[in-house]
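Open the model in a viewer and keep the selection panel at hand.

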Amino acid sequence: MGRASEIELIRTTGTTGAERRALERDVHRGRLRRLRPGVLIGVDALEGLHPGEQHHVLVRASLHRLRATDAVSHLSAAAVLALPLVGTPPPKVHVCDPTTTHTRVSAWFVRHGAAGRPPTVLLDRDSIPTTTAARTAVDVAATRPLLESLAVVDAALARRTATPTELQTEHGALTSARTKAGIAVRMGSALSGSPAESVCRVRFRELGVAEPVQQHVFARAGGGSAIVDFWFPEHGVVVEVDGRGKYEDPAMLDGRSTADAHWREKRREDFVRSFPEVRAVVRLSWSDLMHPDRVRAALRRAGVPCH
């Protein structure tokens, strides 16, 4: 969230004619780009930002068009709250409008009528009015596919920005899509360590796989320990979800080289395989998770029954 908050927004409103013409020349020369009418950013300003962070910048650029009663909501609130967005961010900013029951779409916004369910509003560091994490997660669960919504629910629980009780309360207040949202709320787990793990849990459900143990610890007295993403004790199968961040994100590398990270992961897997109850270790990449047939084939090869 910090990186998105630090992107400079250049607003042309209130500038002189000469200043506006100079800014327009910079747009034509490729030095600036237009994010919204009257809002410019550096041409490379969004480089390196995750899709959710890029959408957060779009929310910031749209603030001056919000109404006093609006609250940024749904996937837009998820972006501001740094909850994970799986898939493509929305091209428009989503807001709750407690003055109506109707949903309307304009050039800039999707306004969700919330008169029957007015939200509690938070203010972030940029004074962006947003729905709470619990409300955001339930709204996403009610309007987006489970593949996208479970990551938001899991992250809210894992970061303790929402409790199971708060999620259930928000879910109970829904006036539509209650069954759809209820699936994500019931599946929500604070043990999911990444969006990839949440997506993997959705694939398990789609393939009819028995619920695995999350974050299982393999330990040997005096010989160290390792925590695995998923453990199927009935079949002796460990499933690990590999994201690129494990080998490329400086924060996760903690000063080590990519080669060191790969070596440490190999040693860790060897340790897990050394336990007699472990028959197989399945590693799934983000690309694998985007193709359910790959997940099915990998699980079947390891001996985990699925549809």
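In this predicted model, the salt bridges number 20. A salt bridge here needs a side-chain nitrogen of Lys or Arg within 4 Å of a carboxyl oxygen of Asp or Glu.

**Stop 1: R117 and E170.** Select both side chains and display the distance between their closest N and O atoms: 3.6 Å, a salt bridge. R117 sits in the loop that runs between β7 (109-113) and β8 (121-123), while E170 belongs to helix α7 (residues 164-172), so this pair ties together parts that are 53 residues apart in sequence.

**Stop 2: E206 and R203.** Move to helix α9 (residues 195-206), which holds both E206 and R203. They are three residues apart, about one turn of the helix. Their closest N and O atoms lie 2.8 Å from each other, which makes a salt bridge. Which side of the pair is buried, and which is partly exposed? E206 has a relative accessible area of 42% and is partly exposed, whereas R203, at 7%, counts as buried. The cut-off for buried is under 20%.

**Stop 3: E269 and R283.** Next select E269 and R283, a salt bridge with 2.5 Å between the closest N and O atoms. This pair links distant parts of the chain, 14 residues apart: E269 is in helix α12 (residues 258-273) and R283 in strand β13 (residues 280-285). E269 is buried, its relative accessible area being 16%; R283 reaches 25% and counts as partly exposed.

**Stop 4: the cysteines.** Clear the selection and show cysteine sulfurs. How many disulfides are there? The count is zero, where a disulfide would need two cysteine sulfur atoms within 2.5 Å. Select C200 and C306: the sulfur of C306 is the nearest cysteine sulfur to C200, and it is 12 Å away, so C200 is in no disulfide under that cut-off. C200 is buried, with a relative accessible area of 0%. Finish at C96, which also counts as buried, at 2% relative accessibility.

How values were computed
Residues are numbered from 1 along each chain as its sequence is written. This is a predicted model: local features need pLDDT of at least 70, side-chain atom pairs count only at pLDDT 80 or more; totals for chains, interfaces and linings use all residues. Side-chain values use heavy atoms; hydrogens and water are left out. Helices (H or I, at least four residues) and strands (E, at least two) are DSSP runs, numbered from the N terminus. Buried means under 20% relative accessible area, exposed over 50%, partly exposed in between (1.4 Å probe, protein chains only).
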